[in-house]
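Subject: Handing over a structure

Dear colleague,

I am passing a structure on to you, and I would be glad if you kept it open while you read the notes that follow.

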Amino acid sequence: QDRVLLVQEAKPECRGRWYLPAGRMEPGEGIAAALRREVKEETGLECDPLTLLALEERGPAWIRFAFLARPTGGTLKTLEEADAESLQAVWWAGDPRALPLRAPDILPLLDLAARYRRSPPHPPTLPRELPCTLLCLRLLVAFANDTGDLWVLLGTAGTPHLPVVACGTAPEELRGGLRLPVLRLLRDCLPPDPRPGPLGLLGLQHRAGGPGGADGICFNVLLSIPPGSPGAVPPEPHGPTVRWWHVEDESLRGRILHRLHATVPIRG
């Protein structure tokens with residue numbers, strides 16, 4: 001009914017103000033499980049995630065997942081049920097800017113949700129239950145020219161594979177954005193020009209409490225290298241650690257070209 005679920009905060013620093021249901025993941029907790037728990041605690045409702053709307057990040061030290069979800073049960077929390085999690089929850093039909101908000105950063109997310117409901121800009125994207133030891137990025141680096149040719153960058157060590165780079169291995173990267181380790185990897189194997197386009201999220205992998213207690217996340221991200229001229233070919237790699245693979249299968253080429261414009265946005 002074009003209403004959005006909002007909660008009235010109980011925290012002393014923002015008591016009485018309004019915000020989307022939100023909270024921190026707990027150690028050993030899955031991403032979707034954290035979403036369901038926080039919504040239940042703060043609103044009284046049960047829900048299922050439909051898709052990621054955006055990945056917000058300031059480097060490995062601060063990452064937030066914004067989901068579009070649908071209610072599946074429960075009872076809306078009232079003022080009589082106020083607790084330390086929230087004072088109450090409401091289905092809000094008006095302009096959220098009419099309320100005293102905890103922060104205006106939810107407004108772009110509400111726009112993304114409305115746009116997704118009208119015309120989904122990317123396929124439904126939910127976490128995959130796959131273990132990962134570290135916080136890392138798997139890169140689909142694409143080069144497409146105006147004639148429809150497509151190349152994908154592959155690592156050559158062992159079986160050809162999409163390059164993977166760990167995040168937060170240098171102190172300046174902890175709050176420097178996920179783009180920094182990507183640029184570090186590309187700097188080591190490709191010429192500096194042309195500069196790559198923006199990162200887009202294809203999907204993510206996480207399994208809470210994986211083998212050996214692993215609780216890392218692998219972000220599968222897409223970025224493109226713009227062609228410098230009509231009919232251009234990709235820039236020559238610096239060394240033997242990577243190579244360009246010319247994608248000749250028409251079905252695969254079409255899917256990758258479509259996803260160049262259909263990824264979950266990463267907001268740094």
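How far apart do the end C-alpha atoms of residues 1-114 lie, and what share of the span is helix and what share strand? The end C-alpha atoms of that span lie 12 Å apart, and the span is 19% helix and 32% strand, where helices (H or I, at least four residues) and strands (E, at least two) are DSSP runs numbered from the N terminus. For residues 1-114, UniProt lists "domain: Nudix hydrolase" in an unreviewed entry; its positions are given in the numbering used here, feature names are shortened, and annotations may be inferred rather than shown by experiment.

Please keep in mind that this is a predicted model, in which local features need pLDDT of at least 70 and side-chain atom pairs count only at pLDDT 80 or more, while totals for chains, interfaces and linings use all residues. Residues are numbered from 1 along each chain as its sequence is written, and side-chain values use heavy atoms, with hydrogens and water left out.

The chain is divided into domain 1 (4-118) and domain 2 (127-265), with bounds that come from an automatic or database domain assignment, and the C-alpha centres of these two domains lie 31 Å apart. Where they meet, 20 residues of domain 1 are in contact (heavy atoms within 4.5 Å) with 20 residues of domain 2. Between them the two domains bury about 1500 Å², 75% of it on carbon and sulfur atoms; buried area is the accessible area (1.4 Å probe) that two parts lose on being put together, summed over both.

On the side of domain 1 that touches domain 2, β3 (45-57) and β4 (63-74) each supply at least two residues, and β3 gives the most, with five residues. The residues of that side divide into 14 nonpolar, three polar and three charged, where Ala, Val, Leu, Ile, Met, Phe, Trp, Tyr, Cys and Pro count as nonpolar, Asp, Glu, Lys and Arg as charged, and the others, Gly among them, as polar.

Two backbone details remain. The peptide bond from Asp193 to Pro194 is cis, with omega near 0 degrees, and Pro194 is placed in the loop between α3 (179-189) and β9 (200-206). Asp2, in the segment before β1 (4-8), has a positive phi of about 55 degrees although it is not a glycine.

With best wishes
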